[in-house]
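Student: Please show me the model. I would like to go through its cross-links and pairings, one at a time.

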Amino acid sequence: MPPVLGLLIVLLAMPSWSSEAARPRAKPLLLPLRARQMPARALPRQPSKLRFHHNVSLTVSLAVGTPPQNVTMVLDTGSELSWLLCAPPTVGGARNSNNGTSFRPRGSSSFAAVPCASAQCRSRDLPSPPVCDGASRRCSVSLSYADGSSSDGALATDVFAVGSAPPLRAAFGCMSSAFDSSPDGVASAGLLGMNRGALSFVSQASTRRFSYCISDRDDAGVLLLGHSDLIPTFLPLNYTPLYQPALPLPYFDRVAYSVQLLGIRVGGRRLPIPASVLAPDHTGAGQTMVDSGTQFTFLLGDAYAALKAEFLRQARPVLPALDDPGFAFQEAFDTCFRVPHGRAPPEARLPGVTLLFKGAEMAVGGDRLLYKVPGERRGGDGVWCLTFGNADMVPIMAYVIGHHHQMNLWVEYDLERGRVGLAPVRCDVASQRLGLML
């Protein structure tokens, strides 16, 4: 198992952000992904987000402001509001304490605060909607941190530019909290919200289709902005429709990329899980979300219990179970095994896990099944845990498909037709083929 890594997306160019009606379809752009570690408590999170998102992240480099300031932002399909860490005013031009990773609003002539009377300040898509600060007349926003603390800031707008694309004026949260640098010097100045909410970067930029392949190698991943008709010639995508209930429900996130989970298979055996367990209930709890901002996958309690029992049964001849009822990695992963220190699990002999959707499926096998718990030992054995967690132990009220299980899988978000496409592929091969075709 390789060390915990993040993925750095270097954007070289983007198509024009003018309206679809005003221009022909832009040429799709192929962008490289590089693996990078991310700090454990670096990113403020919305209250509905899991606290285990932080050690692996997809990040994008772009420029904000006039003159442009280079920033690195986490690309998150599970969040709406983009935010930047905004540096406080400095005395005598002194460098801020974040080693240049902060955005400097006073250094941008195009920066503007969002007034309380604006429609953006009245948005109700966010888990914690903006509020008007009567004293400052600022449109205030708040995000939660992994450790339970919060980050406060204000809504603002500025111009976002990537490569040679015309700048886009977009709203974002200008946050005032401190930020930790990652161990290898790569730090993120914020988050780029990519869900379907009105304040997301996807909506503000009128992006109708994007896709990616997350590699298990350091530098073979790829991000595609737009769509190429050449993709179906070598990537046979299977599509599953985005799910939306007919009526608003209190616990259903309507701006997430939600799909219908129909079943789970371990090895060749489909688990006897009632359809009602896998579907949202009358309150909206229990939806299934595809989320690039979460590392691992989480299942609600009944489905997780069925998966755990069957995986342990099939893996018993191959691996000894940990058999420690008091142990749960990150308080949610308790299907664990003992592996002699210095060795890898016999991945080829372990049963694969397949998530079944309407029209598509996602197969998880090989080195994506188990994760080595850092620093955990039992005598001469290391501890490895199944990369499916119990959502009830977090707790959250949804199934969440993390990006660890999207490795070497082409994932397409098609907002025009309301669907998500999946196709198994080696990312280095896909990158090479697309690079030659585009």
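Student: How many disulfides does a search of the whole structure find?
Tutor: The model is predicted, so local features need pLDDT of at least 70 and side-chain atom pairs count only at pLDDT 80 or more, while totals for chains, interfaces and linings use all residues. Residues are numbered from 1 along each chain as its sequence is written, and side-chain values use heavy atoms, with hydrogens and water left out. A disulfide here is a pair of cysteine sulfur atoms within 2.5 Å. By that criterion, the search of the whole structure gives five.

Student: What pattern do the disulfides of the protein chain follow?
Tutor: Bonded cysteines are counted along the chain. The pattern is then 1-6, 2-4, 3-5, 7-10, 8-9.

Student: What is the handedness of the disulfide of C86 and C174?
Tutor: The sulfur atoms of C86 and C174 are 1.9 Å apart. The torsion about their S-S bond is about -130 degrees. The disulfide is therefore left-handed.

Student: Where do C86 and C174 lie, and how many residues apart are they?
Tutor: Strands (E, at least two residues) and helices (H or I, at least four) are DSSP runs, numbered from the N terminus. C174 is in strand β10, residues 168-175. C86 is in the loop between β5 (83-85) and β6 (112-113). The pair links distant parts of the chain, and the separation is 88 residues.

Student: Are C86 and C174 buried or exposed?
Tutor: Buried means under 20% relative accessible area, exposed over 50%, and partly exposed in between (1.4 Å probe, protein chains only). Both C86 and C174 fall in one class: buried.

Student: Which strand holds C132, the partner of C116?
Tutor: A disulfide joins C116 to C132, with 2.1 Å from S to S. C116 is in the loop between β6 and β7 (131-133).

Student: C116 or C132: which is buried and which is partly exposed?
Tutor: C132 has a relative accessible area of 37%, so C132 is partly exposed. C116 has a relative accessible area of 13%. The buried one is therefore C116.

Student: Is the link of C121 and C139 right-handed or left-handed?
Tutor: C121 and C139 form a disulfide with 2.2 Å from S to S. C121 lies in the loop between β6 and β7 and C139 in strand β8 (residues 138-144), so the pair ties together parts 18 residues apart in sequence. Both C121 and C139 are buried. With 105 degrees about the S-S bond, the link is right-handed.

Student: Now the charged pairs. How many salt bridges does the structure hold?
Tutor: A salt bridge is a side-chain nitrogen of Lys or Arg within 4 Å of a carboxyl oxygen of Asp or Glu. The structure's total is 12.

Student: Which helix holds K308, the partner of D334?
Tutor: The side chains of D334 and K308 meet in a salt bridge, 3.4 Å from N to O. D334 lies in the loop between α3 (301-315) and β20 (336-340). The pair ties together parts 26 residues apart in sequence, because K308 lies in helix α3.

Student: Why are R313 and E310 separated by about one helical turn?
Tutor: Their side chains meet in a salt bridge, 2.6 Å from N to O. R313 is partly exposed at 43% relative accessibility, whereas E310 is buried at 6%. The separation is about one helical turn because both lie in helix α3, three residues apart.

Student: Which strands do D381 and R338 lie in?
Tutor: Their side chains meet in a salt bridge, 3.0 Å from N to O. D381 counts as buried at 19% relative accessibility, while R338 is partly exposed at 27%. The two residues are 43 apart, with D381 in β24 (residues 381-386) and R338 in β20.

Student: Which residue of β26 is the bridge partner of V290?
Tutor: Two strands pair if DSSP finds at least two bridges between them. Four bridges join β18 (residues 287-290) to β26, and the strands run parallel. In β26 (residues 398-401), A398 and V400 point one way and Y399 and I401 the other, all of them buried. The bridge partner of V290 is I401.
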